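Please open the structure in a viewer and keep the sequence at hand.

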Amino acid sequence: MENKIKWETEMKVALTRARAEKKHILLDFYNPN
Amino acid sequence: MDAVTYPQGKVIEFIQKHFIPLRVAFDAQPLSTDFQIKWTPSLITLDASGKEHHRTVGFLSGEELIPSLLLGIAKTHFDQDQINEALGNLEKLLADYPRSDSAPEAIYLRGVCRYKSTHKAQPLKEAYEQLQATYPSSEWAKRASPYRLL
């Protein structure tokens, strides 16, 4: 099992992966500061 | 979320199994404007075409995040008229996280899904009765209140 979440950072990449892997997308808007 | 929720093994496993996780800063354009982000964390469930189906704002513990995401998956299927898939995720939510904050909406939506599957009113009345018994002050009990007359 992974020991941390592997976040994508680009919507285009997430959409391509979601279609290919037949998954949903969890979009997290966060405050990096 | 980074300190408490996201490091949990069961959260990592659930997200990696069901989602493509995408993280962007609250002010990243054009997404921030497109999704009208006003506060963080804003967690949004999208389908594979990028359409929004579920959103929460504010911190969620692991025990609340997973059922919230299950609800997001169920709402995505519901919106796409995939009623059996929606029902499966709602049943899992209510079996594994029956006291979560997502449970009242799940009970309501399960009643609607069962109605759509059977075209019988009884599931709507049962949803109302269960909400009255378990979450009488929830907004979902109020929304289901017309079904008491069925």
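Begin by colouring the two chains separately: the contact between them takes 25 residues from chain A and 32 residues from chain B, two residues being in contact if their C-beta atoms, placed from the backbone, lie within 7 Å. On the side of chain A that touches chain B, H1 and S1 of chain A each supply at least two residues; helices (H or I, at least four residues) and strands (E, at least two) are DSSP runs, numbered from the N terminus.

This is a predicted model, in which local features need pLDDT of at least 70 and side-chain atom pairs count only at pLDDT 80 or more, while totals for chains, interfaces and linings use all residues. Residues are numbered from 1 along each chain as its sequence is written, and chains are lettered from A and ligands numbered from 1 in the order in which they are written.

Next, select the strands. An open sheet of four strands has the order S1(B)-S1(A)-S2(B)-S3(B), with mixed pairing; two strands pair if DSSP finds at least two bridges between them. Strands S1 (19–25) and S3 (52–57) of chain B stand at the edges with a single partner strand each, so one side of each lacks a neighbour in the sheet.

Now display S1 of chain A, residues 24–30: seven bridges join this strand to S1(B), and the two run parallel. Which residue of S1(B) is the bridge partner of Ile25(A)? Ile20(B) is that partner. Further along, Asp28(A) has Arg23(B) as its bridge partner in S1(B).
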